Amino acid sequence: MKKSLTLKFIALFILASVMLTAFSGCDMLSFLLGFESSSESSESSESSAPESSNPSSSGSSQGSGQSSSFIPFPSSSPEISFSSQPENDVQKEDFVDEIATHHGKNKDTVGWLSVPGTDIYDVVVQGKDNDYYLRKNNLGKYDYDGCYFADYESTMGDRNRLSRNTIIYGHNLGYLGVLKDDARSDKFGPLFNFLDEEFVESHPYIYFSTAEEDMVWEVFAVYYTEAAMGSYNPQFKFNLVNVSDSYFEYMIDESLKRSIWDYGIEPSVDDKILTLSTCSYKYGTVRINGTLEMKTRFNVVARLVEDDVVLDPTVEVERNNAKEPVLPDSYK
């Protein structure tokens with residue numbers, strides 16, 4: 001009898017132990033699954049940043065309801081990232097192999113452009129004129145957004161063969177169908193990050209390389225300037241590439257006077273400079289012969305750094321009493 005009771009007690013003890021273990025395992029499994037599900041949900045929400053719309057779908061809204069206000073950072077969209085390719089790394093970048101690869105796809109490939117802290121990280125092409133790539137991608141196929149393209153008169157090569165002023169253009173596409181200067185937009189929209197002092201001081205360099213040489217450029221001016229519109233031809237012609245010593249001095253002086261920031265850098269006639277240029281809505285638009293034209297352009301200008309210079313990760317700037325664009329009365 002005692003033996004029977006003992007066996008029953010042992011059996012009940014074993015059964016209880018098994019049930020307790022199973023319950024604990026299920027509870028732990030549920031916890032892990034719940035944590036994983038929560039993590040996946042968080043990652044999903046962080047990667048759901050809004051995409052900019054294609055301006056071609058909002059063409060009918062041009063000229064009405066547009067805003068010229070600049071938005072450097074999102075006020076209510078923390079999921080939007082301003083740091084994609086690459087981070088602010090002061091180590092010299094190597095793009096020569098990348099350029100060679102793309103040159104095999106399009107013979108118009110002349111370089112690679114990278115602006116740290118932004119999405120500007122792509123191949124640069126050069127057409128027979130400055131209209132050819134306005135609405136084409138870097139493979140020469142139609143694309144409303146265009147691509148990064150060098151001024152057709154710019155001379156490419158190593159640092160010794162480059163033009164005094166190498167110019168690269170890209171569109172300002174607005175953001176989410178609204179025509180305004182916004183650092184979150186595509187192509188050259190991220191250049192408007194250079195209106196933010198914190199960004200400026202933590203991103204002093206631009207990388208533009210050719211098939212012959214990797215090169216680093218230090219920013220020294222950020223400014224607005226008059227755009228050529230219709231028959232109007234501005235006095236300050238930033239888009240000249242190989243100029244005389246006197247005009248190059250004038251070009252540098254005007255860039256410094258117009259610059260929003262004082263970098264404490266004064267290039268000389270012996271320097272080479274790089275101009276990244278896009279259109280701007282800040283000073284409004286005007287319709288000329290049925291085409292909506294922007295009255296000003298926004299330029300970020302940098303000088304070529306010597307190959308053996310040690311790169312500082314940051315720079316200190318002061319706000320400058322910038323010279324404003326002077327627009328003709330007929331276009332005000």
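From the N terminus on, the elements of the chain follow the order α-α-β-β-β-β-α-β-β-α-β-β-β-β. This comes to four helices and ten strands, where helices (H or I, at least four residues) and strands (E, at least two) are DSSP runs numbered from the N terminus. The model is predicted, so that local features need pLDDT of at least 70 and side-chain atom pairs count only at pLDDT 80 or more, while totals for chains, interfaces and linings use all residues. Residues are numbered from 1 along each chain as its sequence is written, and side-chain values use heavy atoms, with hydrogens and water left out.

Of the 332 residues of the chain, 45% count as buried. Buried means under 20% relative accessible area, exposed means over 50%, and partly exposed lies in between (1.4 Å probe, protein chains only). In strand 4, five of the five residues are buried, so this strand is largely enclosed by the rest of the structure. N165, I167 and Y169 point one way from strand 4, whereas T166 and I168 point the other way.

Strand 4 has pairing partners, two strands being paired if DSSP finds at least two bridges between them. With strand 3 it pairs in the antiparallel sense over two bridges, and A150 stands opposite I168 in strand 4. Strand 4 and strand 8 run parallel and are joined by five bridges; here N165 stands opposite I273 in strand 8.

A pair of aromatic rings is described by the distance of the centres and the angle of the planes. Rings of Phe, Tyr and Trp (its six-membered ring) pair if their centres lie within 6.5 Å; planes under 30 degrees apart count as stacked, over 60 as edge-to-face and the rest as tilted. By this rule the count comes to 13 aromatic pairs. The rings of F149 and Y169 have centres 5.5 Å apart and planes at 40 degrees, so this pair is tilted. F149 lies in strand 3 (residues 149-150) and Y169 in strand 4 (residues 165-169), so the pair ties together parts that are 20 residues apart in sequence. F149 counts as buried at 5% relative accessibility, and Y169 counts as buried at 10%.

Y224 and Y283 form an edge-to-face pair, with 5.7 Å from centre to centre and 75 degrees between the planes. Y224 belongs to strand 6 (residues 216-226) and Y283 to strand 8 (residues 273-288), so parts 59 residues apart in sequence are tied together by this pair. Y224 is buried at 8% relative accessibility, whereas Y283 is partly exposed at 22%. Ring pairs link F192, Y224, Y283 and F298 into a cluster.

Charged side chains also sit over rings, which requires NZ of Lys or CZ of Arg within 6 Å of the ring centre and within 35 degrees of the ring normal. The charged end of R135 sits over the ring of Y144, 3.9 Å from its centre. For K187 over the ring of Y148, the distance from the centre is 5.7 Å.

A pocket is found on a 1 Å grid over the protein atoms alone, as an open set of points where a 1.4 Å probe fits, with protein on both sides within 12 Å along at least five of seven lines; lining residues have an atom within 4 Å of a point. The largest pocket is lined by 34 residues, of which L134, H171, C279, E293 and R297 lie nearest its centre. Strand 9 gives the most to this lining, with six residues.
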